[in-house]
Structures are given as structure tokens and as C-alpha cells.
Amino acid sequence: METAPATDETPEILVFPPLLAAATPVVAALLGWLLPLRLLPPLGLGGVALLGLLLVLAGGALAFWGKQTFEKAATNVNPHRPALRLVEGGPYRFTRNPMYLGIVVAELGLALALSLDWLVLLTPVIWALLHWGVVLREEAYLTRRFGQPYIDFLARTRRWI
């Protein structure tokens with residue numbers, strides 16, 4: 001775990017991931033009310049809903065593990081604040097973006113669990129907004145911030161899965 005020199009620079013992300021995660025199901029529900037697609041089975045306790053619940057739990061657990069790992073390392077979780085340390089342990093051994101991956105998995109799970117057709121369609125949009133609006137900007141920022149240790153981390157750890 002590398003410590004960075006003090007600076008107030010941030011990655012200048014385009015979307016705030018927790019807000020995106022909270023707003024998208026609301027948008028999907030409104031779209032479903034205005035323009036129902038009926039792609040998923042009706043809301044109930046079937047196999048699709050159970051799979052959705054499992055994905056929500058898995059995605060939530062992954063995001064929580066990533067957050068806890070940041071907090072344990074005493075670095076900022078909020079991407080609007082400077083990174084204080086390069087975190088390579090916990091879920092960051094397997095993916096550079098466990099919190100964002102967890103959001104995507106949980107959103108897809110929520111779509112299946114609650115039969116939100118539009119959320120299934122919006123999940124790739126969530127991923128794209130996270131990828132281009134957050135992850136690539138964070139990678140450029142962290143490369144400037146941590147230099148070679150971060151470049152080495154990029155080489156040995158996958159961006160998503």
C-alpha cells in the first residue's frame with residue numbers, strides 16, 4: 001500500500017456512483033410505469049426473482065468489501081476527495097473496481113428481483129457511465145498520483161472481471 005504525496009487533486013469524475021446507483025432504479029420504475037415492456041416475468045418469488053436477489057446480495061457484498069477495504073486502509077472512499085493510499089488488498093487483488101462492479105451486479109439483480117424491465121436495459125448504460133465517466137478518469141488520476149506502483153497494479157489486476 002503506497003502513500004501519495006499531499007495534494008487536493010481529484011479525478012474529476014462525471015457521475016457520482018452512489019447517486020447513479022440510487023437514481024437508475026427510480027428512472028427504470030418510472031419508465032416501466034409510462035412504457036411497460038413486459039420482458040421479465042411478473043413480480044413474484046420465481047427463479048428469476050431468486051437469481052436477482054442473489055445478484056443483489058453478491059453485488060452489495062462486493063461493493064461493501066471494497067468500501068471496507070478502503071476505510072481500513074485509511075483512504076477516501078468518496079471519489080470527489082483525493083486518494084490517500086493505493087489499495088491493492090481485499091477485493092482489489094481481483095478487480096480494480098469492486099465497488100463499481102458491485103453496483104452493476106446489484107443493479108442487474110435488482111432488475112430481476114423486482115421485475116424492472118427498464119433496469120435490465122439501463123444496466124449497460126450504468127456500466128458505460130461508470131467506465132467512461134468514472135473509471136477511466138480515476139485511472140488517469142491515480143497514474144499521476146501514484147506513478148509506477150499504480151502502473152504495476154494496472155498490469156497485474158483486471159479493470160472489471
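**Close-up 1. Contacts of Glu-139 in the predicted model.** Glu-139 touches Arg-96, Tyr-150, Leu-154 and Arg-159, leaving aside residues up to four places away in sequence. The model shown here and in the other views is predicted. Glu-139 belongs to helix H4, which runs over residues 117–146. With a relative accessible area of 10%, Glu-139 is buried, since the cut-off for a buried residue is under 20%.

**Close-up 2. Helix H2, residues 47–72.** Helix H2 has 26 residues, which at 1.5 Å a residue should span 38 Å. The buried residues of H2 include three glycines, Gly-52, Gly-59 and Gly-66. Ala-49, Leu-62, Ala-63, Thr-69 and Phe-70 of H2 are buried as well. Helix H3 (98–114) is among the elements that cover these buried residues.

Close-up 3. The phi angle of Ala-74 is positive, about 60°, although the residue is not a glycine. Ala-74 has a relative accessibility of 44% and therefore counts as partly exposed, a class that lies between the 20% and 50% cut-offs.

**Close-up 4. Glu-12, in the segment before H1.** Glu-12 is located in the segment that precedes helix H1. Its phi is near 55°, a positive value in a residue other than glycine. The relative accessible area of Glu-12 is 59%, so the residue is exposed; the cut-off for this class is over 50%.

**Close-up 5. A nonpolar patch on the surface.** The patch is formed by Val-26, Leu-30, Trp-33, Leu-34, Leu-35, Leu-37, Leu-39 and Leu-121. Together these residues have about 860 Å² of accessible area. Helix H1 (residues 17–34) gives the most to the patch, contributing four residues.

**Close-up 6. Leu-30 within the nonpolar patch.** Leu-30 is found in helix H1 and is one of the residues that form the nonpolar patch. The relative accessibility of Leu-30 is 48%, so Leu-30 counts as partly exposed.

Conventions. Residues are numbered from 1 along each chain as its sequence is written. This is a predicted model: local features need pLDDT of at least 70, side-chain atom pairs count only at pLDDT 80 or more; totals for chains, interfaces and linings use all residues. Side-chain values use heavy atoms; hydrogens and water are left out. Helices (H or I, at least four residues) and strands (E, at least two) are DSSP runs, numbered from the N terminus. The expected span of a helix is 1.5 Å times one less than its number of residues. Buried means under 20% relative accessible area, exposed over 50%, partly exposed in between (1.4 Å probe, protein chains only). Contact means heavy atoms within 4.5 Å. Patches are made of residues with over 30% relative accessible area and no salt bridge: like charges are joined within 9 Å, nonpolar side chains (Val, Leu, Ile, Met, Phe, Trp, Tyr) within 5 Å. Accessible areas come from the Shrake-Rupley method with a 1.4 Å probe; for residues, only the protein chains shown count as cover. A salt bridge is a side-chain nitrogen of Lys or Arg within 4 Å of a carboxyl oxygen of Asp or Glu.
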